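Hi,

Here is the structure I promised to pass on.

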Amino acid sequence: MKIVSLFSGAGGLDLGLIQAGSEVIWANDIDKDAVATYSKNLSNHIVCADIKDVAIADIPMADAIVGGFPCQGFSQANLLRTVDDERNHLYKFFYGAVDSKQPKFFIAENVRGILSLDGGNAIKRIVKDFENAGYIVTVTLVNVADYGVPQSRQRVFIVGQRKDLGNAMCFCFPAKTHGKNGLPLPWVSIKTALNCYPDPDKSNEYINHIYSSYKVEFRNFTGHRATDPDKPSPTILARGNGKGGVCAIPHYNGKRRLTIRESAAIQTFPDNFEFIGQMNSCYRQIGNAVPVRFAKLLGQELARLERDML
Ligand SMILES: C[S@@+](CC[C@H](N)C(=O)[O-])C[C@H]1O[C@@H](n2cnc3c(N)ncnc32)[C@H](O)[C@@H]1O
């Protein structure tokens, strides 16, 4: 399928879709480091710009529009009016692109918190907006550990399928492949995922295998808990050391933070995927990403539908 990618970041979602056979024909992000990373590893079809400066007419037609629109605009709980509210311009742009281009499918990723904004009314309004634009919409909360990603990370996927495609055509959300109780397969632990990486203080064999000196202290809150080697990693974060930097997860050896490479491996980026920018920017790009392995499963479903449509 031909894909337009909005809020593409470093390209975790896009890489998974490409691995499954899709072609990303146009992408956009405001962050120059993320765009540099994307260009280096995926392709230079990405446009670096604030989405509000992009005319919808300049976005090509595509089979699917994908993206993780930031939802700051939804945080002002009771003042929500979704598409009518100027503060929601990032969501409005995503919605506007889908409404005007009418792709067969759209996939929007968001944080779990979107489900509880304004007491659950925000997500209801989002679904209604897309239904009014001509889509059958499903909202699914996933933990990517259930799909073989070595990380506990809950995210919401809003998937739309154009109504005129009919009932015979149905985007089926990928079935879980792993589980806490070992079924069908056991969750993948952080130790299994990171065992292969050498001590970053002794080896420079891997790109981006450097780590933040932010002190490891166990204060029992996010980013400051001991990491259990036998469980999936805690969520790889995009922000939050309290000083403007990103809070990398402590390594299970308890002595240091994960390296950029290790964080990327937890997000299932391949080892040759190079992140561009200062350390903090690299950690943020990784923390923002959709795990590549999970994105590939979504891409495989798009590929199946594409085959069925032929
Ligand atoms: C959650 S991240 C997307 C990550 C991406 N889907 C991936 O898998 O790597 C959201 C992205 O939206 C971008 N963004 C935020 N405001 C934007 C704006 N006004 N215009 C364009 N991009 C924006 C951020 O730079 C960030 O990379």
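**What I found**

Let me start with how the chain folds back on itself: 68% of the contacts in the protein with a separation of 6 or more are between residues 24 or more positions apart (two residues are in contact if their C-beta atoms, placed from the backbone, lie within 7 Å). Before you read on, please note that this is a predicted model, in which local features need pLDDT of at least 70 and side-chain atom pairs count only at pLDDT 80 or more, while totals for chains, interfaces and linings use all residues. Residues are numbered from 1 along each chain as its sequence is written.

**Overall picture**

The protein has eight helices and nine strands; these are DSSP runs numbered from the N terminus, with helices (H or I) of at least four residues and strands (E) of at least two. Its radius of gyration is 19 Å, which agrees with the value near 19 Å for a compact globule of 310 residues (taken over C-alpha atoms, with a globule rule of 2.2 Å times the number of residues to the power 0.38). Along the principal axes, the C-alpha atoms fill a box of roughly 55 × 40 × 40 Å. Of the 310 residues, 45% are buried. Here a residue is buried if 20 or more other C-beta atoms lie within 10 Å of its own, exposed if 12 or fewer, and partly exposed in between, with C-beta atoms placed from the backbone.

Seven strands make an open sheet with mixed pairing, in the order 3-2-1-4-5-7-6 (two strands pair if DSSP finds at least two bridges between them). Strand 3 (46-48) and strand 6 (135-143) are at the edges with a single partner strand each, so one side of each has no neighbour in the sheet. On average, neighbouring strands of this sheet are turned by 15 degrees against each other, direction ignored. Axes are lines fitted to C-alpha atoms, for helices over the stretch in contact, and angles run from 0 to 180 degrees between N-to-C directions.

Helix 1 touches strand 1 (2-6), strand 2, strand 4 (64-67) and strand 5, and its direction makes about 180 degrees with that of strand 2. Helix 3 (residues 89-101) touches strand 1, strand 4, strand 5 and strand 7, at about 175 degrees to the direction of strand 4.

Now for some of the pairings. Strand 1 and strand 2 run parallel and are joined by four bridges; S5 has A27 of strand 2 as its bridge partner. Strand 4 and strand 5 are also parallel, again over four bridges, and G67 is partnered by A108 in strand 5. Strand 5 (residues 105-111) then pairs with strand 7 (residues 154-162) in the antiparallel sense over seven bridges. There A108 stands opposite I158, and F105 has Q161 as its bridge partner.

Which of these pieces are covered? Strand 1 has four of its five residues buried, so it is largely enclosed by the rest of the structure. Strand 5 is largely enclosed too, because six of its seven residues are buried. Helix 1 is mostly covered, with six of its eight residues buried, namely G12, L13, D14, L15, G16 and L17. Their cover includes strand 1, strand 2, strand 4, strand 5 and helix 8 (292-309).

**Around the ligand**

Of the 21 residues around the ligand, F7, G9, G12, I51 and A289 come nearest (a residue is near a molecule if its C-beta atom, placed from the backbone, lies within 6 Å of it). Helix 1 (12-19) and strand 2 (23-29) each supply at least two residues of this shell.

Just after helix 1, G21 takes a positive phi of about 110 degrees. L183 and P184 are joined by a cis peptide bond with omega about -10 degrees, and P184 sits in the loop between strand 8 (178-179) and strand 9 (185-186).

N220 is not a glycine but has a positive phi of about 60 degrees. Its place is the loop between helix 5 (190-194) and helix 6 (260-266), and N220 counts as exposed, with 8 C-beta neighbours inside 10 Å. T268, also not a glycine, has a positive phi of about 60 degrees and lies in the loop between helix 6 and helix 7 (279-288). T268 is buried, with 26 other C-beta atoms within 10 Å.

Cheers
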